[in-house]
Amino acid sequence: MVDFGQLQLTDGVPIYLQIIGHLKAGISAGVVKDGDELPSRRTLSALLGVNPNTIQKAFRLLEEEGLITSRTGSKSFVCLSHEQTEDIKQQLPRDESRQYVAHMKAMGMDLEETITLIRTIWKEETE
């Protein structure tokens, strides 16, 4: 079963996008695999403390992307091809990096300052 217990919701970002991002991050990390079962919409709604319609929207968008499959009254499962997995593994870090770079530029930081900051934080996180 795909675990959403570690998902920390962030203010200012639509919850349905955070749910999608969490699933994609799990795919990228290799924790979420083809065939994994998703919690029911009702269970996930209660776990995250959000409106069931929010969960429904996230699942519908994941279905449209072809990342999950659901049947009315049945369970939902991750449905991934090897190509989809590889695309997510490449695209997700790239998208996150673009956002980070844009934020650093907006704060007036240059490339060297940003790299130094990343190295410092990386070292702190691995100690």
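**Helix packing and pockets**

Modeller: α1 and α4 are roughly perpendicular to each other. This is a predicted model, where local features need pLDDT of at least 70, side-chain atom pairs count only at pLDDT 80 or more, and totals for chains, interfaces and linings use all residues. Residues are numbered from 1 along each chain, and side-chain values use heavy atoms, leaving out hydrogens and water.

Colleague: What angle do α1 and α4 pack at?

Modeller: They pack at about 110°, with their axes 8 Å apart. Axes are lines fitted to C-alpha atoms over the stretch in contact, and angles run from 0 to 180 degrees between N-to-C directions.

Colleague: Which residues of α1 meet α4?

Modeller: K24, A25, I27 and S28 in α1 meet T85, I88, K89, L92 and P93 in α4, where contact means heavy atoms within 4.5 Å. By class, that contact has five nonpolar, two polar and two charged residues. Charged means Asp, Glu, Lys or Arg; nonpolar means Ala, Val, Leu, Ile, Met, Phe, Trp, Tyr, Cys or Pro; the others, Gly among them, are polar.

Colleague: And why is α2 called oblique to α3?

Modeller: Helix α2 (residues 41-48) and helix α3 (residues 52-65) pack at about 125°, with their axes 9 Å apart. That makes α2 oblique to α3, because oblique is what is left once under 35 (roughly parallel), over 145 (roughly antiparallel) and the perpendicular range are taken out.

Colleague: Which residues of α2 meet α3?

Modeller: R41, L44, S45 and L48 in α2 meet P52, I55, Q56, F59 and E63 in α3. The residues there divide into five nonpolar, two polar and two charged.

Colleague: How many helices and strands does the protein chain have?

Modeller: Five helices and two strands, in the pattern α-α-α-β-β-α-α along the sequence.

Colleague: What volume does the largest pocket have?

Modeller: About 300 Å³. A pocket is an open set of points on a 1 Å grid over the protein atoms alone, where a 1.4 Å probe fits, with protein on both sides within 12 Å along at least five of seven lines; lining residues have an atom within 4 Å of a point. Points join across faces, edges and corners, and the volume is the space filled by probe spheres on them.

Colleague: Which helix gives the most to the lining of the largest pocket?

Modeller: α4, with six residues. α1 (15-29) and α4 (82-106) each supply at least two. The lining includes I20, H22, K24, I88, D95 and Q99, and by class has four nonpolar, four polar and three charged residues.

Colleague: What about the second largest pocket's volume?

Modeller: About 150 Å³. Its lining includes M1, D3, H22, A25, V31 and D36, and has seven nonpolar, three polar and two charged residues.

Notes
Helix = DSSP H or I, 4+ residues; strand = E, 2+ residues; numbered from the N terminus. Parallel < 35°, antiparallel > 145°, perpendicular 65-115°, else oblique.
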